[in-house]
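Colleague: I'd like to learn how to read a model like this one. Could you walk me through it?

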Amino acid sequence: MTRSLRTRSMTLLLAPGSATTDIGTVSVSVLIPVYNEEDNIAPLCGRLIPALDGLGRSFEVIFVNDGSTDGTEAELQRVASDRRIRVINFRRNVGQTAAMMAGIDHARGDVIVPMDGDLQNDPQDIAGLLAKLDEGYDVVSGWRADRQDGFLLRTLPSRMANKLISTISGVKLNDYGCTLKAYRRQMLQGYRLYGEMHRFVPIYARWQGAKLTEIPVRHHPRRHGQSKYGLERVLKVVLDLVVVKFLTQYETKPIYIFGFAGLMFMGLSVLAGIYAIYLKLVDGISFILTPLPLLVTMGLVTGVMCILMGLLAELLVRIYFESQGKSHYSIKTMLNFDEPPPRD
């Protein structure tokens, strides 16, 4: 029976005369966001489907068409004659993170494997990712050890970004930018992705208590189409990393970061005031001849505002969790909770 996807930014495309498969679970969901990749769809499916058939597991392939303006939609409609291929078409381009989130929302697999749609990831590597999951890991990240991209514009900025992310987040990976990864489904639940934070999913998963590892995967040069990334992504990574750092460490205690900033400003105000008094008493320099009184005032006011913002953020945190019945902790397992509590 055909289902309608009730989202404002996307519609589900079905092959002509077909319907969605019955709602259920499959072993593996391969998630592929695409944007203007019409020449890559057919070759990708030609490699991907045989590779997945060889796994001996049930699977589905979810293409998320991020508002492509070329013939990508028509190509996806053609390959969707295979009912194991499901397609989500966005009305407009909203970015890879939103496409990834849509795929996760509609995936039915116990394991979710995102990959690029530009033929640079190798479908044969999926078997290695799943084998590593079977060893007890929750997240297996691909590492393009032999990357087939330009060094100055792609590889070097990527290495710098990976080093920065690993240092600040504390989650050590060689290649955050590699889309090819494998996640146990439960590691992707409990949070939403916004902006361009798809590259930080391993950090969120570790935040959920995931056991994470990384393995080398193959990387092929792009043959068709153009890359959607440039040097501007380095700035985006830095800004997104600030958000991730805040959410992972201060989501439930924002007063710490706002309060610390407020105390720093107030401390600066005190030091400026002491120095102004010293100049007045020792050197006879009038207060109005230095900017120190203004610094005292601005530091004090800014410090008080930061602390008040922290208090407001604390109220918002409580509203966020309590109004929606959310919990700020995550339970892995529970024992002996299948019985009612003992009575007095």
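Modeller: Let's start with a term: two residues are in contact when they have heavy atoms within 4.5 Å. Keep in mind that this is a predicted model. Taking contacts between residues at least 6 apart in sequence, 77% join residues at least 24 apart.

Colleague: Which secondary structure elements does the protein have?

Modeller: You'll find nine helices and eight strands.

Colleague: And how much of the protein is buried?

Modeller: Of its 344 residues, 42% count as buried. The accessible surface comes to about 19300 Å², and carbon and sulfur atoms hold 59% of that.

Colleague: What describes a pair of aromatic rings?

Modeller: Two things: how far apart the centres are, and the angle between the planes. Here, a search of the whole structure turns up one aromatic pair. The ring centres of Y275 and Y278 are 6.3 Å apart and the planes meet at 15 degrees, so this pair is stacked; the cut-off for stacking is under 30 degrees.

Colleague: Where do Y275 and Y278 lie?

Modeller: Both sit in helix α8, which covers residues 254-283. They're three residues apart, or about one turn of the helix.

Colleague: Which residue lies over the face of Y137?

Modeller: That's K211, at 4.8 Å from the ring centre of Y137.

How values were computed. Residues are numbered from 1 along each chain as its sequence is written. This is a predicted model: local features need pLDDT of at least 70, side-chain atom pairs count only at pLDDT 80 or more; totals for chains, interfaces and linings use all residues. Side-chain values use heavy atoms; hydrogens and water are left out. Helices (H or I, at least four residues) and strands (E, at least two) are DSSP runs, numbered from the N terminus. Buried means under 20% relative accessible area, exposed over 50%, partly exposed in between (1.4 Å probe, protein chains only). Accessible areas come from the Shrake-Rupley method with a 1.4 Å probe; for residues, only the protein chains shown count as cover. Rings of Phe, Tyr and Trp (its six-membered ring) pair if their centres lie within 6.5 Å; planes under 30 degrees apart count as stacked, over 60 as edge-to-face and the rest as tilted. A charge sits over a ring if NZ of Lys or CZ of Arg is within 6 Å of the ring centre and within 35 degrees of the ring normal.
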